[in-house]
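Reader: Could you walk me through this one? I'd like to begin with the ligand and then move on to the rings.

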Amino acid sequence: VSCAKRAKTPNSELLFLPFRVLLAELEAHQDAWPFLSPVKLKSVPGYRKVIKKPMDFFTIKEKLINNMYLNQENFIIDVNLVFDNCQKFNEDDSEIGQAGHRMKRFFDKRWTELLRKQ
Ligand SMILES: Cn1cc(C(=O)NCCN2CCCC2)ccc1=O
């Protein structure tokens with residue numbers, strides 16, 4: 001294949017590498033425990049009714065691996081959905097509410113650092 005042709009199709013893996021790295025950092029964070037997997041709708045009363053679009057880090061990783069994020073925007077929308085859902089369902093001074101605020105602060109910091117690099 002000629003070089004010109006190869007240059008036109010950047011490896012999408014490379015484009016999304018920062019997202020995978022950032023997601024791995026979120027999952028490794030000590031306050032990530034409430035967000036690592038989907039909220040069990042059967043064991044958390046009211047969650048299904050109150051939260052219209054549940055989201056969690058495991059689901060985001062699955063979507064990333066299956067190339068379901070066509071652009072940065074959709075990835076950011078899902079990450080922010082995790083934190084917005086948390087703030088909606090949990091009191092700010094609750095264990096999970098506090099974890100959500102700390103995780104959001106951590107994400108916002110790392111995301112801006114990542115963007116400044118580009
Ligand atoms: C984000 N979020 C999570 C929960 C929750 O119960 N997560 C399960 C926590 N598990 C306990 C042992 C291992 C993990 C409830 C409300 C909520 O907004």
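Reader: Which residues is the ligand surrounded by?

Author: Keeping in mind that this is a predicted model, the ligand is surrounded by Pro 34, Phe 35, Val 39, Tyr 47, Asn 90 and Ile 96. By class, that shell has 5 nonpolar residues and 1 polar residue, with no charged residues.

Reader: And how far is the side chain of Asn 90 from an oxygen atom of the ligand?

Author: An N or O atom in the Asn 90 side chain lies 2.8 Å from a ligand oxygen. As for cover, the ligand taken alone exposes 440 Å², and the protein buries 59% of that area.

Reader: Where does the ligand sit?

Author: The ligand sits in the largest pocket.

Reader: Switching to rings, how many aromatic pairs are there?

Author: The count comes to 10 aromatic pairs.

Reader: Why is the pair of Phe 19 and Phe 75 stacked?

Author: Their ring centres are 4.3 Å apart and their planes stand at 5 degrees, so the pair counts as stacked, the cut-off being planes under 30 degrees apart.

Reader: Which parts of the chain does that pair link?

Author: Distant ones: Phe 19 belongs to helix α2 (residues 12–28) and Phe 75 to helix α5 (residues 72–89), with the two 56 residues apart.

Technical notes
Residues are numbered from 1 along each chain as its sequence is written. This is a predicted model: local features need pLDDT of at least 70, side-chain atom pairs count only at pLDDT 80 or more; totals for chains, interfaces and linings use all residues. Side-chain values use heavy atoms; hydrogens and water are left out. A residue is near a molecule or strand if one of its heavy atoms lies within 4 Å of it. A polar contact is a pair of N or O atoms within 3.5 Å; within protein, one must be able to donate a hydrogen and the other to accept it, and residues adjacent in sequence count only if both atoms are side-chain atoms. Accessible areas come from the Shrake-Rupley method with a 1.4 Å probe; for residues, only the protein chains shown count as cover. On a 1 Å grid over the protein atoms alone, a cavity is a set of points where a 1.4 Å probe fits but cannot get out, and a pocket is an open set with protein on both sides within 12 Å along at least five of seven lines; lining residues have an atom within 4 Å of a point. A molecule sits in a cavity or pocket if more than half of its atoms lie within 2 Å of its grid points. Ala, Val, Leu, Ile, Met, Phe, Trp, Tyr, Cys and Pro count as nonpolar, Asp, Glu, Lys and Arg as charged, and the others, Gly among them, as polar. Rings of Phe, Tyr and Trp (its six-membered ring) pair if their centres lie within 6.5 Å; planes under 30 degrees apart count as stacked, over 60 as edge-to-face and the rest as tilted. Helices (H or I, at least four residues) and strands (E, at least two) are DSSP runs, numbered from the N terminus.
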